[in-house]
Amino acid sequence: MMHLIKYEWKKTLFLKLFLLAVVLIGEAIFLFCAFTRDFDSLAMNVSILILSLGLMLSPIISILQNLSLLQRELNCKEAYMLYLTPHNSFTILGAKWILSLMETVIWTALAVAFATVDTLLLIHVTVGFTPDVMSKFNELVQVALTPKTLQIVLQLCFLFFAGLLQFESIAVIAIVLQATFLHWKRGSGFVILVLYLLLMYLSTTILMHLPFSSYMLFPFAGSYLSMRALGQVLVSLLLSAAYFVISSLLLEKKRNI
């Protein structure tokens with residue numbers, strides 16, 4: 001599995017490095033403007049735009065690149081090479097999914113790191129860490145660590161990653177269905193889109209009609225998870241697992257033809 005993950009990482013490394021370079025350029029411009037106190041310049045506004053869009057869109061672009069690569073691998077003339085590898089379909093698709101999850105975690109960590117460093121830098125450059133500023137900063141931290149805030153953040157994180165996993169699983173099964181039954185057929189790209197929208201609608205409908213209340217279930221990390229949020233996460237994971245198994249079985253069946 002690790003060998004496949006490294007192989008998939010190398011195949012998509014150029015775009016990741018390009019996105020990282022764009023973000024670092026935006027950060028460099030931001031730091032220069034901050035240290036020179038040039039807060040109202042065009043360069044500062046451009047750097048903020050680059051950082052915001054770069055860190056927000058980079059994980060999405062990475063996932064779309066991985067899905068596009070899978071679609072090309074299954075539909076190119078050399079697609080048969082994928083079925084001649086010694087790895088089964090579960091391992092092949094699993095490596096692609098794990099890589100996307102790792103990239104999302106990495107980009108999220110970078111976004112948190114840049115936001116923290118830039119915020120502290122702006123405070124230091126503009127007003128300095130005076131006792132009054134530190135007091136207000138501590139009050140803000142205390143508000144951020146209240147059970148209510150942690151509850152919202154925790155549930156949003158769980159729902160975000162579960163939704164991300166489901167998005168990729170639905171896209172993968174749509175690509176595999178197209179490559180299995182509509183290989184080299186005209187209009188197959190449109191079929192992928194329709195399949196994706198139908199499966200996404202089905203999953204969303206199921207998640208929105210779960211018979212769970214908003215009753216708080218148990219304490220976790222100083223906060224709480226509601227029955228509804230936990231139910232949505234668990235059902236989303238189950239649906240993603242089902243899509244993953246179906247996709248792998250379809251690929252495995254095609255390998256054995």
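Contact here means heavy atoms within 4.5 Å; keep that in mind when a legend says that one part covers another.

View 1. What you're looking at is a predicted model. The protein chain has eight helices and two strands. Of the 257 residues in the chain, 37% are buried. Take the contacts with a separation of 6 or more: 77% of them are between residues 24 or more positions apart.

View 2. Zoom in on helix α1, which runs over residues 2-11. Which of its residues are buried? They are Leu4, Ile5 and Glu8. These three sit on the same side of α1, because they cover an arc of only 100 degrees around the axis. Now look at the face turned away from the buried side, where you'll find the exposed residues Met2, His3, Lys6 and Lys10. And what covers the buried residues of α1? The cover includes α3 and α4, the latter spanning residues 89-126.

**View 3. Serine 62, tucked into helix α3.** Next stop is serine 62, part of helix α3, which covers residues 42-75. Is serine 62 buried or exposed? Its relative accessibility is 1%, and buried means under 20%, so serine 62 counts as buried. Setting aside neighbours within four places in sequence, serine 62 is in contact with Leu19, Glu103 and Trp107. With tryptophan 107 there is also a polar contact between the two side chains, at 3.4 Å.

**View 4. A nonpolar patch on the surface.** Here the view moves to a nonpolar patch made up of Leu49, Leu53, Met56, Leu57, Ile60, Ile61 and Leu64. Together, these residues have about 600 Å² of accessible area. Pick out leucine 57 in this group: like serine 62 in the previous view, leucine 57 belongs to helix α3.

Note on methods: Residues numbered from 1 in each chain as written. Predicted model: local features only at pLDDT ≥ 70, side-chain atom pairs only at ≥ 80, totals over all residues. Heavy atoms only, no water. Helix = DSSP H or I, 4+ residues; strand = E, 2+ residues; numbered from the N terminus. Buried < 20%, exposed > 50% of the residue type's maximum accessible area, 1.4 Å probe, protein only. Polar contact = N/O pair within 3.5 Å; in protein donor to acceptor, adjacent residues only side chain to side chain. Arc of directions from axis to C-beta. Patch = residues over 30% accessible without salt bridge, like charges linked within 9 Å, V, L, I, M, F, W, Y side chains within 5 Å. Areas by Shrake-Rupley, 256 points an atom, 1.4 Å probe, with all protein chains shown as cover. Salt bridge = Lys/Arg side-chain N within 4 Å of Asp/Glu carboxyl O.
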